[in-house]
2 protein chains.
Amino acid sequence: MAEPTAEDWMQEALHEARMAYLIGEVPIGAVIVHQGEIIGRGHNLREHGQDATMHAEIIAIQEACEYLHSWRLEDCQLYVTLEPCLMCSGAIINARLPELYFGARDPKAGAVRSLYQVMDDTRLNHQVTVHERVLARPAGEMLENFFRGIRKRKKAAKKARREAAEKN
Amino acid sequence: MAEPTAEDWMQEALHEARMAYLIGEVPIGAVIVHQGEIIGRGHNLREHGQDATMHAEIIAIQEACEYLHSWRLEDCQLYVTLEPCLMCSGAIINARLPELYFGARDPKAGAVRSLYQVMDDTRLNHQVTVHERVLARPAGEMLENFFRGIRKRKKAAKKARREAAEKN
């Protein structure tokens, strides 16, 4: 059987993102691979958990640390559907993850390519090899659909309120 | 009774740092204050938890979110003995914390003043008011003592090994 490719692992991260989508969370998913096996997975749970730290990457890192009984995630790759924010980028560096694969760029909060390039910062005690735009299109489309749905529902609610006001 | 000052709250963060010190963790502590009450506290537990995300600030933020049943820590102040790293700075921004007080600067990993100034970044959707050098001296001295102790133990172990080798 052929070795899984980066796209195969990113499909698993996309699967996690879909799980977030289905429960109304911003659809972002992540998996951590160690020696050809997924040892951590997570999807955004900020609203359900009412916890600002519950991003897909943080949940996946915590699970992987628990699995390896180690805060050092050496020899691991993290796959995430969206460019990590400052918090998650810092967590990836703190966990000494050597390799990151991400899908779509995040122009508003991305700390790997968009607003900052913290993975390449040689002043820090760890650098991360970055592979970007892996299945960026489905990851980006899922986010766009999600936010389009929110706007549509807001518009419909506004229209219903206006019609109700006109009736009274 | 007089209102507690920033120094009073930082004493609580220093108390947390001492708890880390006593169990051999790098001594960093944090508390989160909401309407004159501590609703989250934490000290570094990276080694005991074997979890790269278990910094004092992250633990305190998770506890405060749980207490308020909200990922938004509006109307809260975070006190931490050392300048936050990228991960913790990002978490503070993600939690919409309006105010940060920290003790000593961290020239190697600090993301608030030393390496980055992310709290002032107007490209992000939240900025944080920063007060630094609050009880910086005891916070810094505790860290220095900790690392001096480690170096001393390492030196003693090296000497013991050399003497054992000479005897054989």
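The questions and answers below treat ring pairs, charges over rings and the interface.

Tutor: This is a predicted model, in which local features need pLDDT of at least 70, side-chain atom pairs count only at pLDDT 80 or more, and totals for chains, interfaces and linings use all residues. Residues are numbered from 1 along each chain as its sequence is written, chains are lettered from A, and side-chain values use heavy atoms, with hydrogens and water left out.

Student: How many aromatic pairs are found over all chains?

Tutor: Rings of Phe, Tyr and Trp (its six-membered ring) pair if their centres lie within 6.5 Å. With this rule, a search of the whole structure gives a total over all chains of seven.

Student: Are the rings of Tyr116(A) and Tyr116(B) stacked or edge-to-face?

Tutor: Planes under 30 degrees apart count as stacked, over 60 as edge-to-face and the rest as tilted. The centres of Tyr116(A) and Tyr116(B) are 5.6 Å apart and their planes stand at 80°, so the pair is edge-to-face.

Student: What does this pair join?

Tutor: Strands here are DSSP runs of E, at least two residues long, numbered from the N terminus. Tyr116(A) lies in the loop between strand S4 (99–104) and strand S5 (129–131) of chain A, and Tyr116(B) in the loop between strand S4 (99–104) and strand S5 (129–131) of chain B, so the pair joins two chains.

Student: Is Tyr116(A) buried or exposed?

Tutor: Buried means under 20% relative accessible area, exposed over 50%, and partly exposed in between (1.4 Å probe, protein chains only). Tyr116(A) has 11% relative accessibility, so the residue counts as buried.

Student: Which charged residue sits over the ring of Tyr116(B)?

Tutor: A charge sits over a ring if NZ of Lys or CZ of Arg is within 6 Å of the ring centre and within 35 degrees of the ring normal. Here the charged end lies 5.0 Å from the centre of the Tyr116(B) ring, and the residue is Arg123(A).

Student: What area is buried between chain A and chain B?

Tutor: Buried area is the accessible area (1.4 Å probe) that two parts lose on being put together, summed over both. Carbon and sulfur atoms give 61% of the area between chain A and chain B, which is about 2600 Å².

Student: How many salt bridges are counted between chain A and chain B?

Tutor: A salt bridge is a side-chain nitrogen of Lys or Arg within 4 Å of a carboxyl oxygen of Asp or Glu. Between chain A and chain B the count is zero.

Conventions: Helices (H or I, at least four residues) and strands (E, at least two) are DSSP runs, numbered from the N terminus.
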